[in-house]
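Here is a short note for a colleague who is opening this entry for the first time. Please keep the structure in view while reading the points below.

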Amino acid sequence: MSDVTKTVQKWHASFKKGTDFDSWGQLVEAIDEYQILARQLQKEVQSSNSHDFTEDQKKTLGKIATCLEMRSASLQSTQCQEEFKLEDLKKLEPIIKNILTYNKDFPFDVQPVPMRKILAPGEEENLDVDEELDTATGVGSTQSFTTRVPGTLLPRLPSEPGMTLLTLKIEKIGLKDAGQCIDPYMTISVKDMNGVDLNPVQDTPVATRKEDTYIHFSVDVEIQKHLEKLPKGAAIFFEFKHYKPKKRFTSTKCFAFMEMDEIKPGPIVIELYKKPTDFKRKKLNLLTKKPLYLHLHQTLHKD
């Protein structure tokens, strides 16, 4: 078996693994697999030494990488407007499997991923380089983009005798590249131990004030369940999202969470973790070693 055939088989196996994870609801693993494969395909497309594939085949591989990124983005963001569905992605399986003989039109109107580095999981820290380039070329200027997320915050629930409600004020988040984040907002969700939603998911309005390494939100989020009704092991998640002009979609940059034993009146500072968001809290990697956190203030209401 030739090396190129082995490579194609490896790509096909990776593609199948990703879509299997996706269909089983193991989204963290699916995103990892999609991003790793997209990166491998793009490396092949950009390699000037590679003569294993024709230019047309490389173009097709580049388009598959785009679709993998789009599906990955759909899984990471509730605000991704151009959702790319799993059943659409599965249509690409025969193409990647038979790339050496495939000669039909590509089923989706997408362009190959532009000539840039695709980040594999765990390379989030290097993202700043891309974003600094955006800013340097003027692409990243906040003025160029209108607010995309109006905010979906919900009012406080009616009080019930003996029951406790929680208001969380999101004060600010510390990020080393805070000034470069376009249209930043937070998605707040309450999940059980298996990552299943216990409450409606809420989005803050876009933050408008940035100062040094901080983005200020100063918004109240009303948790949509009495604390006594939340199951053991539940957690409140905060996903920090921002718009990426080059990719033209909203991306999760990092996340934080609060467990039930951390709920008490007053201020709290919680750590930030690298994406993708792991709602099951199994694979946690700190975003940075620097002292940068999410700053919250808790208020409990009890009748």
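**Notes on the aromatic rings and the chain**

1. Arg-281 lies over the face of Phe-257, at 6.0 Å from the ring centre. The model is a predicted one, and this placement should be read with that in mind.

2. A search of the whole structure finds ten aromatic pairs. In one of them the ring centres of Phe-237 and Phe-257 are 5.5 Å apart and the planes stand at 35°, so the pair is described as tilted, given that stacked would require under 30 degrees and edge-to-face over 60. Because Phe-237 belongs to strand E6 (residues 235-244) and Phe-257 to strand E7 (residues 249-259), this pair ties together parts that are 20 residues apart in sequence.

3. For the protein chain as a whole, the secondary structure comes to six helices and ten strands, and 50% of the 303 residues count as buried. Among contacts with a separation of 6 or more, 72% are accounted for by residues 24 or more positions apart. The accessible surface comes to about 15,100 Å², and 51% of that surface belongs to carbon and sulfur atoms.

Conventions: Residues are numbered from 1 along each chain as its sequence is written. This is a predicted model: local features need pLDDT of at least 70, side-chain atom pairs count only at pLDDT 80 or more; totals for chains, interfaces and linings use all residues. Side-chain values use heavy atoms; hydrogens and water are left out. Rings of Phe, Tyr and Trp (its six-membered ring) pair if their centres lie within 6.5 Å; planes under 30 degrees apart count as stacked, over 60 as edge-to-face and the rest as tilted. Helices (H or I, at least four residues) and strands (E, at least two) are DSSP runs, numbered from the N terminus. A charge sits over a ring if NZ of Lys or CZ of Arg is within 6 Å of the ring centre and within 35 degrees of the ring normal. Buried means under 20% relative accessible area, exposed over 50%, partly exposed in between (1.4 Å probe, protein chains only). Contact means heavy atoms within 4.5 Å. Accessible areas come from the Shrake-Rupley method with a 1.4 Å probe; for residues, only the protein chains shown count as cover.
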